Protein chains: 2
Amino acid sequence: MRRHPIRQSLLALMVASLACGGAFAEDEAKPTAAPTMASVMESAKDSDWRDLDPDNTLYMDLPGGRVIIELAPAFAPQGVANIRQLVKDGYFDGLAIIRSQDNYVVQWGDPNADNAAGSENPPKAIGKAKDKVPGEYFRMAEGLPFTALPDPDTYATQTGFSDGFPVGRDGADGRAWLTHCYGMLGVARGMEPDSGNGAQLYVVIGHAPRHLDRNVTLVGQVWAGMELLSTMPRGKGPLGFYEDPSRRTSIASIRLASDLAEDQRQPIQIMKTDSDTFGQLIQARRHRAEDWFLDPADHLSVCNMIIPSRLKPAATPGE
Amino acid sequence: MRRHPIRQSLLALMVASLACGGAFAEDEAKPTAAPTMASVMESAKDSDWRDLDPDNTLYMDLPGGRVIIELAPAFAPQGVANIRQLVKDGYFDGLAIIRSQDNYVVQWGDPNADNAAGSENPPKAIGKAKDKVPGEYFRMAEGLPFTALPDPDTYATQTGFSDGFPVGRDGADGRAWLTHCYGMLGVARGMEPDSGNGAQLYVVIGHAPRHLDRNVTLVGQVWAGMELLSTMPRGKGPLGFYEDPSRRTSIASIRLASDLAEDQRQPIQIMKTDSDTFGQLIQARRHRAEDWFLDPADHLSVCNMIIPSRLKPAATPGE
């Protein structure tokens with residue numbers, strides 16, 4: 001028998017389903033008194049899923065495949081608008097992954113960004129996009145859907161999920177912010193709060209660097225293709241920047257799904273985080289009822305939840 | 001100017017120092033009222049560092065380089081003893097990385113472990129090592145050195161560090177256990193608590209799966225070469241096992257440092273986690289005083305601390 005530290009085969013298959021057709025394999029867990037994540041997923045309904053909005057979906061095409069990202073205009077409307085403009089102008093096409101720092105971030109942008117305008121390899125023009133965008137480090141929680149987690153968090157007075165995004169809240173001052181979990185997309189910036197305009201973006205590829213929360217603008221999260229980013233060779237320079245340009249990976253293109261014909265889009269669905277099913281999944285992940293677990297944690301941190309995604313099932317003829 | 005989400009150049013250099021000679025670059029942060037991690041490191045003394053014990057140090061040689069692991073006999077004496085026996089018998093030499101699951105674990109062992117004894121490719125014999133080892137999921141906290149963190153944790157009533165390892169404690173029942181942070185080494189097991197004997201080992205390569213704490217035996221942590229494990233191509237099979245054997249990476253050898261001649265060992269030092277300097281580093285990481293930070297977290301989770309390591313400085317002639 002293969003030994004493994006945890007039975008989460010269904011979840012592995014859910015993630016894999018984005019690449020191989022969306023079918024779930026049979027659950028190998030035995031029935032137990034308390035629901036398991038697998039048994040909750042079995043009872044999920046089609047109405048528990050939402051389609052990714054093509055206006056908020058980026059396809060980043062790398063030599064190894066596609067990374068699919070959902071933008072978060074509810075948290076960073078100005079940052080998202082500028083990234084949409086950069087993408088529409090084809091700004092990222094031909095640029096590169098310029099940084100890969102172990103247990104931290106992968107970052108992409110213009111390798112010539114530091115060069116002088118009149119040099120042999122000048123920075124790429126940003127076209128109609130803005131050069132400076134104010135930091136959007138938090139917003140007011142009012143008006144946001146929010147599914148709270150019951151357990152304490154090291155960094156926020158409350159954590160939970162809003163429309164599929166991990167969120168921290170401060171009960172006293174009413175602020176809410178996206179949290180730096182694995183797979184979150186952020187706007188790299190310099191010393192000035194408005195120095196990040198989305199032309200350089202990073203994705204978290206390690207343990208959640210939650211100390212960055214409210215210090216940098218998060219604008220989205222990766223739903224598919226994370227392994228293309230997380231396995232990038234690490235850069236040898238300070239902060240994981242590549243010193244050897246040949247180690248960089250080039251970006252074929254980044255496109256908005258809504259700029260592609262409908263039959264060119266990937267119909268990804270995300271479980272609604274305000275659904276009863278998702279609430280049951282939280283409980284099943286807090287209390288791991290599978291036989292393998294001897295001492296269930298009965299607690300869950302916001303970056304340890306898995307939000308299910310799938311390819312939308314094809315419509316049955318006659319429906 | 002290169003935009004980056006965080007100024008931690010000194011830390012990046014500390015990690016890099018294991019590969020390039022141990023010298024620290026100058027800190028680029030400006031002086032501030034509160035100490036920064038960089039300013040604390042500048043005032044560190046030689047007595048703040050401990051040598052890795054060669055009897056507890058594994059060198060895992062892969063085609064891409066060496067992974068250096070410290071074992072934790074204080075927490076898993078039986079597991080560590082069995083792994084030492086396997087290593088002395090050369091058990092791992094020629095075996096392979098058999099699993100790489102994104103945001104979770106890399107795992108190694110015998111690719112033929114599931115085959116029948118009389119088959120064409122039978123499992124490798126484990127020699128004098130034990131076939132079953134009891135789970136060592138926790139121990140009593142009494143007698144352990146412990147440097148506590150002041151902030152709440154989602155999974156444990158208290159967290160901190162013991163001789164360089166991240167630890168959770170339960171104040172009520174006196175138990176202490178190693179926590180599943182990035183880079184921790186664990187003993188894969190099947191359904192039975194004694195079914196893990198160290199012949200299959202895993203390393204955490206993603207966000208800390210803290211729900212595994214106290215459900216599986218942790219036996220050590222990686223101090224160098226993590227990037228060799230974290231960038232392994234992900235397996236396409238369930239749980240990230242490789243379905244295509246050609247995707248596996250073979251293990252040239254795993255050796256105990258104490259079984260090599262002294263001049264063949266790498267003189268790595270780890271900052272003592274019970275030193276005043278480490279206590280100051282915790283405070284500097286809780287409150288990031290660097291100018292870049294606009295809203296310091298003033299909190300720190302156990303898996304978000306960085307424990308400095310370095311190559312031992314060469315003795316100055318005449319000393």
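**Figure 1. B:Asp153 is buried, with a relative accessible area of 9%.** This is a predicted model, in which local features need pLDDT of at least 70 and side-chain atom pairs count only at pLDDT 80 or more, while totals for chains, interfaces and linings use all residues. Residues are numbered from 1 along each chain as its sequence is written, chains are lettered from A and ligands numbered from 1 in the order in which they are written, and side-chain values use heavy atoms, leaving out hydrogens and water. Here "buried" means under 20% relative accessible area, "exposed" over 50% and "partly exposed" in between (1.4 Å probe, protein chains only). The partner in this view is B:Arg210, whose salt bridge with B:Asp153 brings the closest N and O atoms to 3.0 Å. B:Arg210 lies in the loop between strand E12 (201–204) and strand E13 (218–224) of chain B and B:Asp153 in the loop between strand E7 (147–148) and E8, so the pair ties together parts that are 57 residues apart in sequence. Helices (H or I, at least four residues) and strands (E, at least two) are DSSP runs numbered from the N terminus. B:Arg210 is buried too, at 6% relative accessibility. A salt bridge, in all these legends, is a side-chain nitrogen of Lys or Arg within 4 Å of a carboxyl oxygen of Asp or Glu.

**Figure 2. B:Arg175 meets B:Asp173 in a salt bridge, at 2.8 Å from N to O.** Are the two partners buried or partly exposed? B:Arg175 counts as buried at 17% relative accessibility, whereas B:Asp173 is partly exposed at 36%. B:Arg175 also has its charged end over the ring of B:Phe138, 4.8 Å from the ring centre. For this to count, NZ of Lys or CZ of Arg must be within 6 Å of the ring centre and within 35 degrees of the ring normal. The charged end of B:Arg66 likewise sits over a ring, that of B:Tyr59, 4.2 Å from its centre.

**Figure 3. A network of salt bridges links A:Asp173, A:Arg175, A:Arg214 and B:Asp295.** A search of the whole structure finds 32 salt bridges over all chains. Another of them joins A:Arg66 to A:Asp61, with the closest N and O atoms 2.8 Å apart. A:Arg66 is partly exposed, with a relative accessible area of 27%.

**Figure 4. A:Asp110 is buried yet has no salt bridge.** Where is this residue found? A:Asp110 is in the loop between strand E5 (105–109) and strand E6 (139–140) of chain A. The nearest side chain of opposite charge, A:Lys124, is 7.7 Å away, where Lys and Arg count as positive, Asp and Glu as negative, and His and the chain ends are not counted. Setting aside residues up to four places away in sequence, A:Asp110 touches A:Tyr91, A:Leu95, A:Pro123 and A:Lys124; contact means heavy atoms within 4.5 Å.

**Figure 5. B:Phe161 and B:Phe278 form an edge-to-face aromatic pair, one of two shown here for chain B.** Over all chains, a search of the whole structure finds six aromatic pairs. B:Tyr91 and B:Phe92 make an edge-to-face pair, 5.3 Å centre to centre with 80° between the planes, and both are buried. For B:Phe161 and B:Phe278 the values are 5.4 Å and 85°. B:Phe161 lies in strand E8 (residues 158–162) and B:Phe278 in helix H5 (residues 276–286) of chain B, so this pair ties together parts 117 residues apart in sequence. B:Phe161 is buried at 2% relative accessible area, and B:Phe278 at 0%. Rings of Phe, Tyr and Trp (its six-membered ring) pair if their centres lie within 6.5 Å; planes under 30 degrees apart count as stacked, over 60 as edge-to-face and the rest as tilted.

**Figure 6. B:Thr273 touches both B:Phe161 and B:Phe278.** B:Thr273 is in the loop between strand E16 (268–271) and H5 of chain B, and is buried with a relative accessible area of 3%. A polar atom of its side chain lies 2.9 Å from the backbone nitrogen of B:Gly164, and the backbone nitrogen of B:Asp163 lies 3.4 Å from a polar atom of that side chain.

**Figure 7. A:Ile270 is buried in chain A, with a relative accessible area of 0%.** A:Ile270 belongs to strand E16 (residues 268–271). Its C-alpha atom is 8.5 Å from that of A:Asp48, 222 residues apart along the chain. Beyond its neighbours within four places in sequence, A:Ile270 contacts residues including A:Trp49, A:Trp223 and A:Ile307.

Key:
Polar contact = N/O pair within 3.5 Å; in protein donor to acceptor, adjacent residues only side chain to side chain.
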